[in-house]
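Trainee: I would like to learn how to read a model like this one. Please take me through it feature by feature.

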Amino acid sequence: MNIEVIDQTAVVREPGVLVSGGSSAMDLLASVRHETGCSAVVLFQEQLDGAFFRLSTGLAGEVLQKFVNYQMKLVIVGDFSGYTSKPLQDFIRESNGGRQICFQPGEASALRWLGRGAA
């Protein structure tokens with residue numbers, strides 16, 4: 001898997017959809033931990049199955065619960081302005097106020113967010 005480590009964060013550079021369910025999320029978590037030892041990861045919007053952004057599918061909850069359970073911080077980088085679902089926008093806003101999961105518009109802001117939460 002193509003992973004770049006920046007400031008103790010695994011930035012996954014692998015193209016295509018990598019996370020399409022709980023099992024693939026666990027595979028990704030295991031690869032990141034094994035290959036890098038990092039406890040924070042940056043994924044890009046296009047690496048997540050499109051169903052992730054339809055909350056009614058339950059995919060977001062299933063995937064994000066894996067990251068929480070295994071104490072892996074996650075930042076998802078992308079342009080989320082095209083999603084007009086109020087529940088999704090609320091979910092993104094609430095996640096961004098926490099310390100475990102965040103949605104950011106760019107890689108630099110993702111790394112800054114992870115840096116401020118390091119402790």
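Trainee: Leaving aside neighbours within four places in sequence, which residues is S24 in contact with?
Mentor: Contact means heavy atoms within 4.5 Å. With neighbours within four places in sequence left aside, S24 touches L18 and V19. One caution before we go on. This is a predicted model, where local features need pLDDT of at least 70 and side-chain atom pairs count only at pLDDT 80 or more, while totals for chains, interfaces and linings use all residues. Residues are numbered from 1 along each chain as its sequence is written, and side-chain values use heavy atoms, with hydrogens and water left out.

Trainee: Where is S24 found?
Mentor: Helices (H or I, at least four residues) and strands (E, at least two) are DSSP runs, numbered from the N terminus. S24 lies in helix α1, residues 22–36.

Trainee: Is S24 buried or exposed?
Mentor: Buried means under 20% relative accessible area, exposed over 50%, and partly exposed in between, with a 1.4 Å probe and protein chains only. S24 has a relative accessible area of 16%, so it is buried.

Trainee: Which backbone oxygen does the side chain of S24 reach?
Mentor: A polar contact is a pair of N or O atoms within 3.5 Å; within protein, one must be able to donate a hydrogen and the other to accept it, and residues adjacent in sequence count only if both atoms are side-chain atoms. Here the S24 side chain reaches the backbone oxygen of G21, at 3.1 Å.

Trainee: What about L18?
Mentor: L18 sits in the loop between β2 and α1. Its relative accessible area is 19%, so L18 is buried. Setting aside neighbours within four places in sequence, L18 contacts V12, S24 and Q47. L18 and F44 are 26 residues apart in sequence, and their C-alpha atoms are 9.8 Å apart in space.

Trainee: What is the relative accessible area of V32?
Mentor: It is 1%, so V32 is buried. V32 belongs to helix α1. Beyond its neighbours within four places in sequence, V32 is in contact with I3, A10, V12, G37, C38, V41 and M72. N2 lies 30 residues from V32 along the chain, with 9.9 Å between the C-alpha atoms.

Trainee: At what angle do α1 and α2 pack?
Mentor: Axes are lines fitted to C-alpha atoms, for helices over the stretch in contact, and angles run from 0 to 180 degrees between N-to-C directions. Helix α2 covers residues 59–69, and α1 packs with α2 at about 30°, their axes 8 Å apart. Angles under 35 degrees count as roughly parallel, over 145 as roughly antiparallel, 65 to 115 as roughly perpendicular and the rest as oblique. Therefore α1 and α2 are roughly parallel to each other. The contact is made by G22, A25, M26, L28 and L29 of α1, with E62, V63, K66 and F67 of α2.

Trainee: How many nonpolar residues does the contact of α1 with α2 have?
Mentor: Ala, Val, Leu, Ile, Met, Phe, Trp, Tyr, Cys and Pro count as nonpolar, Asp, Glu, Lys and Arg as charged, and the others, Gly among them, as polar. By class, the contact has six nonpolar, one polar and two charged residues.

Trainee: Where is D7 found?
Mentor: D7 is in the loop between β1 (3–6) and β2 (9–12). D7 has a positive phi of about 50°, although it is not a glycine. At 67% relative accessibility, D7 is exposed. Q8 is also placed in the loop between β1 and β2. Q8 is not a glycine, yet it has a positive phi of about 65°. With a relative accessible area of 69%, Q8 is exposed.
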